[in-house]
Amino acid sequence: MKSDEKQREMILHPIPPLFDRESRILILGSFPSVKSREAAFFYGHPQNRFWKTLAGVLSEKVPETIDEKKAFLHDNHIAVWDVIKSCEIIGSSDSSIRNVVPNDLSEILNAADIKAIFCNGAKSFGYYEKYLKKKTGKKAVKLPSTSPANAAFSLERLKNEWMIICKPLKVAPPHLGNVLLGWYDYNARILPWRSEPTPYHVWISEIMLQQTRVEAVKKYYERWMEELPNVKALAEVSEEKLLKLWEGLGYYNRARNLKEAAITLMEKYDGELPADYNELLSLKGIGEYTAGAIASIAFGLPEPAVDGNVLRVFSRLLAEEGEISKIPVKKAIAREVRRILPKDRAGDFNQALMDLGAGICLPNGSPHCERCPWEAACLAHKMERETEYPVKAPKKARRKEQKAVFILELENNNTKIILHKRPDSGLLPDLWEFPNVEGIFTLQKAQEQMKEWKLTDYEIEALGEGKHIFSHVEWQMTGYRVRLNAIAEDIIERQEWKLVSREEFESGYAVPAAFDCYKKRIHWEEGKDS
């Protein structure tokens, strides 16, 4: 009997497969080495480059312990096993393998939606082709072996070859970060807050930009900086002036939160925004996106800034099938943004993503893929399904509310108009409005309302219909101008109305944009008796 036959042992695979129902790819080796069998886990030889290769491809820290390796695989949706269940083998030598009994992969394939199977090395691929391909009905992709015996491949070359796993894993290849920066260096938008990106400037601009177009924000930003150039000025501003500066931007709680955060900054941080993501996150009105934007743009910290634009871009890039509003989907995308974020230019990268989403990867209609720096890598584009992403839940029908809106003008010397303050809770809290009443109104019904308010000396005319859409409700309005020749003081007090002049109206009272269609219909007359 030959000496090598004496050394050959029949060994049963000692390591169970690692997978879960979220696994997207399956990586197969041939049979565990001696070191792996001793460690009771895959790729246990210290010189095997499997873990370094995967970590490099996915831009993550190399896992060291078995628990870290398991978590790494689960977190990245990677299943790992080997082709061979049992065989005769000498040590760790694949070439010595005899009497192969293959593993049954159905346990994994039935439990998880495996998008692709990869074989770690030619031997693994050869055994898969011989023993398992017909059973699974799935093709496998041969990757260069991570074994230390594969000296022809450097670690960098291995990472480049293994980059192919990114597509079925739906992860963004790391090089895309630098590709985007190259595009941004030539295509960055010129915006007023970018010329001097101090923490205060970035903070104010990012809050203003929430659910508001860039072009609309520019004039508000410039006016704000003239009136409130720093944290101290913001902390001390009156609420009326604050809301007037914000008038037209909507979502007025954003402005109130800014002031509350500014007060905190004065009390705890000497009027300066902290250069720490978690401390930024603790401030009123600053969520994960805004904290990431301030941390990266103003302080150069390697933090992602994921808003609706970024979610849309990455959902198309990765062909993400999950609903974009779901927390797990948002977290998965944030993780991919962090994966490719160039740490030395995090702020530029986040702003580049904003520009990409605003100018090319558009939310409505067809995106301009031919101008996109990520065109070649975008999975939605490859499938010609760009407009199908992001996946959204069906919209709930907006509630419709009918309102009659009254422009009550007192034409006594200089014209004054009547305003009413909205309740301190609910929609548009504590803002000023034109008196209005629920319901569908005709001119006759409007005159009946005048009687109810005990208004007698007036002229009334219809101003037509108006509409304003909030996220969850639609106001359908009918407007009326009422020219009052006189009004009793007790009527004003009883209705909780306030008479204001044109100057007061324009400088001190924030009336929501919902009433814009009627603001311009105010008939100001000044100095009639002079």
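The structure contains 0 disulfides, a disulfide being a pair of cysteine sulfur atoms within 2.5 Å. A disulfide is a covalent bond between the sulfur atoms of two cysteines. For C166, the closest cysteine sulfur belongs to C378 and lies 15 Å away, which is too far for a bond. C166 is buried at 3% relative accessibility, where buried means under 20% relative accessible area, exposed means over 50%, and partly exposed lies in between (1.4 Å probe, protein chains only). C372 is likewise in no disulfide, and its nearest cysteine sulfur, in C361, is 6.3 Å away. C372 counts as buried, with a relative accessible area of 18%.

The model is predicted: local features need pLDDT of at least 70 and side-chain atom pairs count only at pLDDT 80 or more, while totals for chains, interfaces and linings use all residues. Residues are numbered from 1 along each chain as its sequence is written, and side-chain values use heavy atoms, with hydrogens and water left out.

**Nonpolar cores**

A nonpolar core is a set of buried Ala, Val, Leu, Ile, Met, Phe, Trp, Tyr and Cys residues joined through side-chain atoms within 4.5 Å. The largest such core has 68 residues, of which W203, I204, W224, L234 and F434 touch the most other members. Helix α10 (residues 199-209) gives the most to this core, with 7 residues; helices (H or I, at least four residues) and strands (E, at least two) are DSSP runs, numbered from the N terminus. Another core, of 49 residues, lies apart from it and includes I25, I27, I89 and I165.

Contact is defined as heavy atoms within 4.5 Å. When neighbours within four places in sequence are left aside, W203 is in contact with V231, L234, L258, A261, A262, L265, L273, I286, T290 and I294.

**Aromatic rings and charges**

Across the whole structure there are 21 aromatic pairs. Rings of Phe, Tyr and Trp (its six-membered ring) pair if their centres lie within 6.5 Å; planes under 30 degrees apart count as stacked, over 60 as edge-to-face and the rest as tilted. F50 and W51 form an edge-to-face pair, with 4.9 Å from centre to centre and 90° between the planes. F50 is buried at 0% relative accessibility, and W51 is buried at 4%. Both belong to a cluster linked by ring pairs, which consists of F41, F42, Y43, F50, W51, F72 and W162.

K159 is part of helix α7 (residues 155-162) and is buried, at 16% relative accessibility. Its side chain makes a polar contact of 2.8 Å with that of E156. A polar contact is a pair of N or O atoms within 3.5 Å; within protein, one must be able to donate a hydrogen and the other to accept it, and residues adjacent in sequence count only if both atoms are side-chain atoms. Not counting residues up to four places away in sequence, K159 touches K52, T53, G56 and V57.

S86 lies in strand β4 (residues 84-89) and is also buried, with a relative accessible area of 11%. Beyond its neighbours within four places in sequence, S86 is in contact with M10, I11, L12, H13, F31, N99, V100 and V101. The C-alpha atoms of S86 and C361 are separated by 51 Å, the two residues being 275 residues apart along the chain.

**Loops and backbone geometry**

Most residues other than glycine have a negative phi, and most peptide bonds are trans. Y251 has a positive phi of about 50° although it is not a glycine. This tyrosine is in the loop between α13 (239-246) and α14 (253-268) and is partly exposed, at 44% relative accessibility. K454, also not a glycine, has a positive phi of about 65°. K454 occupies the loop between α21 (443-452) and β12 (458-469) and is exposed, at 54% relative accessibility.

The peptide bond joining Y389 and P390 is cis, with omega about 0°; P390 is placed in the loop between α20 and β8 (399-410). N364 belongs to the loop between α19 (346-359) and α20 (379-382) and is exposed, with a relative accessible area of 65%.
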